[in-house]
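My notes are below the picture.

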Amino acid sequence: IGDRLNMHKEEPRGREQAVPNTSILEREIFNEDDALRKASGNREVMVGRITAFLQKTPRTIEMLRKIIVDDDKALIEQEVHRLNELAMEIGATNFADEFFSLLMDLRKKQDVDESRIDILANELEKYRNEQKILTLLGG
């Protein structure tokens with residue numbers, strides 16, 4: 001039983017461990033159940049959050065590019081943390097995973113370059129073009 005309890009403690013990262021050996025292309029883009037749960041079951045609130053996220057995030061990603069050039073690590077970490085929280089709130093699973101990975105690298109004092117921001121921009125487009133999102137937003 002102790003081993004099972006220890007294994008359970010190590011699993012909070014969740015999605016990647018639950019389905020090992022999956023490529024990034026096969027990972028979950030949008031988890032509607034999570035997004036709806038975080039909106040207290042209110043579909044209107046969920047759609048509003050998704051809409052706001054999709055409107056604001058492209059500008060924020062471009063701002064991150066500038067901050068990286070300026071090498072303001074504290075501000076980069078602050079913005080990445082904020083975006084990670086927002087992505088989790090709207091069920092943007094891959095996007096949140098990428099933000100979390102970037103956040104951990106920042107906390108380990110690893111350098112971050114613009115290629116990481118390109119990955120974030122790519123994940124945003126995948127989320128924006130996910131069929132479930134298009135359907136929810138009436139597109």
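These are my entries, in the order I looked things up.

**Ground rules.** I am working from a predicted model, where local features need pLDDT of at least 70, side-chain atom pairs count only at pLDDT 80 or more, and totals for chains, interfaces and linings use all residues. Numbering starts from 1 along each chain as its sequence is written, and side-chain values use heavy atoms, with hydrogens and water left out.

**Overall make-up.** I counted 8 helices and 0 strands in the chain. Here helices (H or I, at least four residues) and strands (E, at least two) are DSSP runs, numbered from the N terminus. I then checked burial, taking buried as under 20% relative accessible area, exposed as over 50% and partly exposed as in between, with a 1.4 Å probe and protein chains only. Buried residues come to 34% of the 139 in the chain. For contacts (heavy atoms within 4.5 Å), I looked at those with a separation of 6 or more: 65% of them join residues 24 or more positions apart.

**The core.** Which residues touch the most other members of the largest nonpolar core? I got Ile-50, Leu-64, Val-80, Phe-95, Leu-120 and Tyr-127, out of 29 residues. A nonpolar core here is a set of buried Ala, Val, Leu, Ile, Met, Phe, Trp, Tyr and Cys residues joined through side-chain atoms within 4.5 Å. Helices α4 (43-70), α5 (73-89), α6 and α7 each give two or more residues to this core, and α4 has the largest share, with 8 residues. I followed up Ile-50: leaving aside neighbours within four places in sequence, Ile-50 contacts Phe-30, Ile-90, Tyr-127, Ile-133, Leu-136 and Leu-137.

**α6 against α7.** Helix α6 (residues 93-107) packs on helix α7 (residues 114-129) at about 165°, with the axes 9 Å apart. That makes the pair roughly antiparallel, a label for angles over 145 degrees. I noted the crossing as left-handed. On the α6 side, the contact uses Asn-94, Phe-95, Glu-98, Phe-99, Ser-101, Leu-102 and Asp-105; α7 brings Arg-116, Ile-119, Leu-120, Glu-123 and Leu-124. By class, I have 6 nonpolar, 2 polar and 4 charged residues in this contact.

**Arg-116.** Beyond neighbours within four places in sequence, Arg-116 is in contact with Glu-98, Ser-101, Leu-102 and Asp-105.

Note on methods:
Axes are lines fitted to C-alpha atoms, for helices over the stretch in contact, and angles run from 0 to 180 degrees between N-to-C directions. Angles under 35 degrees count as roughly parallel, over 145 as roughly antiparallel, 65 to 115 as roughly perpendicular and the rest as oblique. A crossing is left-handed if the near helix is turned anticlockwise from the far one by less than a right angle, and right-handed if clockwise. Ala, Val, Leu, Ile, Met, Phe, Trp, Tyr, Cys and Pro count as nonpolar, Asp, Glu, Lys and Arg as charged, and the others, Gly among them, as polar.
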